[in-house]
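Subject: Structure handover

Hello,

Here is the structure I promised to pass on. Please open it and keep it beside you while you read my notes.

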Amino acid sequence: MSVTKGHFIVFEGIDGSGKTTQINLLKKHIEENNFICHDTKEPTDGLVGSLLRQCLAGKAQTDEMTLAALFAADRLDHILNDKDGLLKKLEEGISVISDRYILSTYAYQSVRVPLKWVMDLNSMAVGKLRPDCHIFIDIDPDIALERIAKGRKSNELFENKKRLTEVRNRYFDLFKQFKDTENIIIINGTQNIEKIADDIWKNVSKYFIIEGGE
Ligand code: TMP
């Protein structure tokens, strides 16, 4: 008997955009509809991801080209790991929500490294797995930085106004570039938490309604 594959939903946004809260709410909603849902993130908790987190926190240092290569390596492990990789979960019929994926690296790394090279580095990952949809929670960098200052765990490397503004602009350039090939949903992240969750659910519920169900 073949198992229906799970859906793959990715959350994107600048640091401090409120992805974590919304991922938790969406996961709950999906499970209430009797689907199994696994949430995960990039950088991962794996070998390369842990190294990346040290760099992001300023505890280890490397150049931005090496960082781009590490993000690509971490992503391949995220996809292919035969213990808990994305492909394995999806094949088992488990739906997956990932906090960041390919658009994060295009937006963040292309500020310092040519986008073409970043895309080449990630071509194998894209060939293996593309999301059903990318949900981008949009907020202004000033609001993001206020939220980060209020105590959320911080990544020193990119959490400054100049970088976050550049990253946000790059996301919007990417949305134009991929408008015909990727399913990208932009959500106004300055609304209250419930309204944001409603907007997200309106866009993804189609994946979790069983045809012929009540
Ligand atoms: P977060 O866990 O709070 O989302 O932080 C992850 C940080 O890593 C954030 O600053 C974005 C950055 N990042 C990249 O620069 N490239 C990537 O490919 C990914 C996945 C994250």
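Start with strands β4 and β5, at residues 184-188. They run parallel and pair over five bridges. The model is predicted, so read everything below as computed from that prediction. I137 has I187 in β5 as its bridge partner. F136 stands opposite I186 in β5.

Now look to the other neighbour of β4. Strand β1, residues 8-12, also pairs with β4 in the parallel sense, here over four bridges. F136 turns up again: E12 stands opposite this residue of β4.

Step back to see the whole sheet. Five strands make up an open sheet, with parallel pairing. Their order is β2-β3-β1-β4-β5. What stands at the edges? β2 (37-41) and β5 do. Each has a single partner strand, so one side of each has no neighbour in the sheet. From one strand to the next, the twist averages 20 degrees.

Two helices to find next. Helix α5 covers residues 102-109 and packs on the sheet. This helix touches β1, β4 and β5, and its direction makes about 25 degrees with that of β1. Helix α9, residues 161-177, packs on the sheet as well. It touches β1, β4 and β5, and its direction makes about 145 degrees with that of β4.

Is β4 buried or exposed? Six of its six residues, 133-138, are buried, so the strand is largely enclosed by the rest of the structure. Both of its faces are covered. C133, I135 and I137 lie on one side. H134, F136 and D138 lie on the other.

Now the ligand. How many residues surround the ligand? There are 16, and the closest are D15, R75, R100, Q109 and N155.

- D15: a polar side-chain atom lies 2.7 Å from an oxygen atom of the ligand.
- R75: an N or O atom of the side chain is 2.9 Å from a ligand oxygen.
- R53: an N or O atom of the side chain is 3.3 Å from a ligand oxygen.

Taken alone, the ligand exposes 480 Å², and the protein buries 95% of that. Which elements give two or more residues to the shell around the ligand? They are α2 (47-56), α3 (64-80) and α5. The largest share, four residues, comes from α5.

Best wishes

Methods:
Residues are numbered from 1 along each chain as its sequence is written. This is a predicted model: local features need pLDDT of at least 70, side-chain atom pairs count only at pLDDT 80 or more; totals for chains, interfaces and linings use all residues. Side-chain values use heavy atoms; hydrogens and water are left out. Buried means under 20% relative accessible area, exposed over 50%, partly exposed in between (1.4 Å probe, protein chains only). Two strands pair if DSSP finds at least two bridges between them. Axes are lines fitted to C-alpha atoms, for helices over the stretch in contact, and angles run from 0 to 180 degrees between N-to-C directions. Contact means heavy atoms within 4.5 Å. A residue is near a molecule or strand if one of its heavy atoms lies within 4 Å of it. A polar contact is a pair of N or O atoms within 3.5 Å; within protein, one must be able to donate a hydrogen and the other to accept it, and residues adjacent in sequence count only if both atoms are side-chain atoms. Accessible areas come from the Shrake-Rupley method with a 1.4 Å probe; for residues, only the protein chains shown count as cover.
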